[in-house]
Amino acid sequence: MNWERFKSLYYTNPKLGLSLDISRMPFPDDFLTTMQPKLQQAFADMAALEGGAIANPDENRMVGHYWLRNADLAPTPELKQAITSTLDAIKDFTAKVHKGELTAPGGVKFKEVLVIGIGGSALGPQLVNHALGRLKGGRDKLRVSFFDNTDPDGMDYVLKELGSRLKQTLVIVISKSGGTVETRNGMLEAAAAFKAAGLDYPKHFVAVTGAGSKLEQVAISEGWLARFPMWDWVGGRTSELCAVGLLPAALQGIKIDQMLAGAAAMDEVTRKKSLRDNPAALLALMWYWATDGKGTKDMVVLPYKDRLLLFSRYLQQLVMESLGKELDLQGNVVNQGIAVYGNKGSTDQHAYVQQLREGVNNFFVTFIEVLKDRNDASLEVEPGITTGDYLQGFFLGTRDALSEKNRHSITITVNEVSPRSLGQLIGLYERAVGLYASLVGINAYHQPGVEAGKKAATGVIALRLKIADALKAAGGREFTAETLAALLNQPEKTELVFKLLEHLAANPAGHVKKTVQKPWHESTYAWQE
Ligand SMILES: O=P(O)(O)OC[C@H]1O[C@H](O)[C@H](O)[C@@H](O)[C@@H]1O
């Protein structure tokens with residue numbers, strides 16, 4: 001590639017220990033200049049947001065995740081106090097757990113944390129757990145596992161892993177709204193497991209949730225061990241650096257002050273109004289150029305580091321839930337968004353990189369390079385060559401191979417994976433998403449599209465109950481999906497009735513016996529005690 005272009009476009013910040021290379025995005029010479037008016041408007045929007053404006057108009061909310069790492073920026077003394085006192089409470093609680101001053105009943109020391117949450121209430125903690133666990137090679141102070149779904153078998157798997165250590169397990173139920181059904185279900189399943197083991201679960205349970213939520217009410221009425229707040233001015237997908245992410249991380253033994261310091265340092269840099277000094281603005285403009293400001297290309301995130309495996313999954317929510325919007329701020333239909341996927345290199349080179357090089361050219365790659373290979377000395381796998389040399393070799397080789405075929409890429413380089421650098425990366429992408437949303441004129445801070453699926457699921461659950469009632473009342477009579485839907489007076493829902501019957505018949509709790517017939521849709525279903 002072109003060294004002169006690289007020299008002129010390379011952003012490097014030795015203080016942060018982070019660099020950004022946009023030279024492999026072949027935007028025209030005047031692109032950065034022509035974007036200046038839009039970009040300056042985006043900076044102005046961002047300054048207003050940080051100053052406490054209602055930056056999420058649909059929900060009439062402020063957007064305050066930047067205050068979490070510099071409470072002095074909070075627009076009122078009350079908000080500042082809320083941030084600092086929560087941080088103190090997290091540290092205090094964690095210190096007591098680590099010292100064994102706060103224990104499970106019977107003085108049993110907590111050794112395990114089970115986090116129950118979903119979406120923004122799980123992805124950040126999962127990323128941090130995976131990226132920063134056992135960083136120096138030693139053991140974590142507490143080991144963290146997750147329920148992040150309503151999959152019964154998934155929960156059984158985690159509970160089996162915990163086994164008899166359930167008595168040493170601290171459970172953190174995280175839900176901003178406190179009403180998310182998957183999380184409620186996880187909480188009930190965990191409580192049942194504790195009860196079955198003869199354990200007094202409220203003495204193990206902690207809630208992170210919004211004031212007055214259903215979850216908070218349960219935690220209060222059952223006398224849970226502790227509660228930590230979640231505020232309406234922090235979105236789920238930007239909540240890693242409030243109690244949602246900090247509490248599990250601190251308990252694990254991760255240096256949360258360094259994560260916060262990393263994000264704060266990145267915030268300072270990404271507030272700069274001069275484009276060439278602002279890596280988040282450069283990133284946002286590259287997304288704009290690569291995708292025509294319309295999401296026409298996908299963002300493939302490829303960290304060459306196992307510890308950053310979950311970064312793409314974390315970014316998937318941050319980017320897609322923020323940018324994937326039907327309407328712009330004026331109410332025009334725009335169907336915005338950028339699709340995000342990726343795992344890690346060089347692993348993915350043996351999976352889908354074939355298509356990236358030769359197949360449909362509908363993406364741009366963001367490589368994440370980590371300079372430091374490992375803590376200890378490295379084996380030479382060939383004379384003078386280590387496994388880390390190979391990891392870099394595959395990264396550089398793949399990048400060149402893609403460039404040769406006009407497949408564009410951005411590269412972010414960090415010195416190492418550490419609490420500080422992860423805080424920086426989180427801060428970098430939060431800012432880039434916010435700036436990009438301004439560039440394309442959308443609200444990045446709501447998620448109206450998520451509700452439709454939740455509402456429809458409620459309808460499905462109601463129909464499931466009706467089916468069970470009808471079959472029971474029919475006392476063993478056999479129905480096809482069609483005859484049952486007709487009986488329920490819902491012929492338009494025959495497909496749903498079929499799907500529900502199939503699931504009921506597959507599980508003992510369904511009490512449904514299926515008799516297979518030909519053709520398959522003449523199969524019958526009947527109640528069975
Ligand atoms: O934290 P909770 O209120 O339980 O929400 C968990 C998640 O579910 C919702 O459906 C939203 O789409 C996500 O933005 C959110 O992070």
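Helices here are DSSP runs of H or I with at least four residues, and they are numbered from the N terminus. The model is predicted, so local features need pLDDT of at least 70 and side-chain atom pairs count only at pLDDT 80 or more, while totals for chains, interfaces and linings use all residues. Residues are numbered from 1 along each chain as its sequence is written, and side-chain values use heavy atoms, with hydrogens and water left out.

**View 1. Glutamate 189 on its helix.** Let's start with helix H7, residues 181–196, which holds glutamate 189. Glutamate 189 has a relative accessible area of 33% and is therefore partly exposed (buried means under 20%, exposed over 50%, partly exposed in between; 1.4 Å probe, protein chains only).

View 2. A salt bridge (a side-chain nitrogen of Lys or Arg within 4 Å of a carboxyl oxygen of Asp or Glu) joins arginine 69 to aspartate 267, with the closest N and O atoms 2.7 Å apart. Because arginine 69 sits in the loop between helix H3 (36–50) and helix H4 (77–99) and aspartate 267 in helix H10 (residues 256–270), the pair ties together parts 198 residues apart in sequence. Arginine 69 also meets glutamate 430 in a salt bridge, at 2.7 Å from N to O. Glutamate 430 belongs to helix H15 (residues 419–440), so this pair links parts 361 residues apart in sequence. Arginine 69 is buried at 8% relative accessibility, and glutamate 430 is buried at 3%.

**View 3. Lysine 80 with aspartate 72.** Here, too, 2.7 Å separates the closest N and O atoms of a salt bridge, formed by lysine 80 and aspartate 72. Lysine 80 is partly exposed at 34% relative accessibility, whereas aspartate 72 is exposed at 58%.

Note on methods:
Helices (H or I, at least four residues) and strands (E, at least two) are DSSP runs, numbered from the N terminus.
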